[in-house]
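Keep the viewer open as you read.

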Amino acid sequence: RAAWIADLGTPIVVLGPGELEAREMGELLEAVGFRDLRGFLAGGIGAWQEADLPIETTPAIDPATLAEHIRANRSIVLDVREDDEWEAGHVAHSIHVPYRELREQITDDIRDADKPLAIACSAGNRSSIAAGLLRRAGIENVEHVVDGGVPDLEQEGVELEKG
């Protein structure tokens, strides 16, 4: 395991199964303005825990669970994909903010959400970054969609809107 650490007052640590994945996540962080990445944590989460350092987690759900939440009206989908991906197909009544924009501005509809925000992209990488940005901004009622995303919802019986 490896992790990139950014010096932002409070360190952000992103874990991946290896150094390559940690570097890829570091590139995603750089895309939203976190440019002072200094390296990776040898030993991954195990080393972090052995050092008795604090750990926070964000609940993770898969596309099948997200589809259940949508049908039961239990979550608000925050779609953090790019504009062209959104236009190709998105969940009705979802909120759309490309993940890069969340560092600069979190809108009132996100801050005032009365249900958990299910943060989704197409695979789980950008939504992971977005979840971290929201948690860092004090928004705690978030769920990170992993192992897929919005395009997978059609296979789960959720119709996507175009345009």
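Start with H6, which has 12 residues and reaches 17 Å from its first C-alpha to its last, close to the 16 Å expected at 1.5 Å a residue (the expected span being 1.5 Å times one less than the number of residues). Helices here are DSSP runs of H or I with at least four residues, strands are E runs of at least two, and both are numbered from the N terminus. Just so you know, this is a predicted model, where local features need pLDDT of at least 70, side-chain atom pairs count only at pLDDT 80 or more, and totals for chains, interfaces and linings use all residues. Residues are numbered from 1 along each chain as its sequence is written, and side-chain values use heavy atoms, with hydrogens and water left out.

Which residues of H6 are buried? They are Arg-126, Ser-127, Ile-129, Ala-130, Ala-131, Leu-133 and Leu-134, buried meaning under 20% relative accessible area with a 1.4 Å probe, protein chains only. Their cover includes H1, H4 and H5, along with strands E5, E8 and E9. After H6 comes Gly-138, with a positive phi near 95°.

Now look at H1 (residues 19-31), which packs on H6 (residues 125-136) at about 55°, the axes 10 Å apart. Axes are lines fitted to C-alpha atoms over the stretch in contact, and angles run from 0 to 180 degrees between N-to-C directions. Met-25, Leu-28 and Leu-29 of H1 meet Asn-125, Arg-126, Ser-128 and Ile-129 of H6, contact meaning heavy atoms within 4.5 Å.

Zooming out, the protein has 6 helices and 10 strands, and 42% of its 163 residues count as buried. Among contacts between residues at least 6 apart in sequence, 65% join residues at least 24 apart.

Note on methods
Buried means under 20% relative accessible area, exposed over 50%, partly exposed in between (1.4 Å probe, protein chains only).
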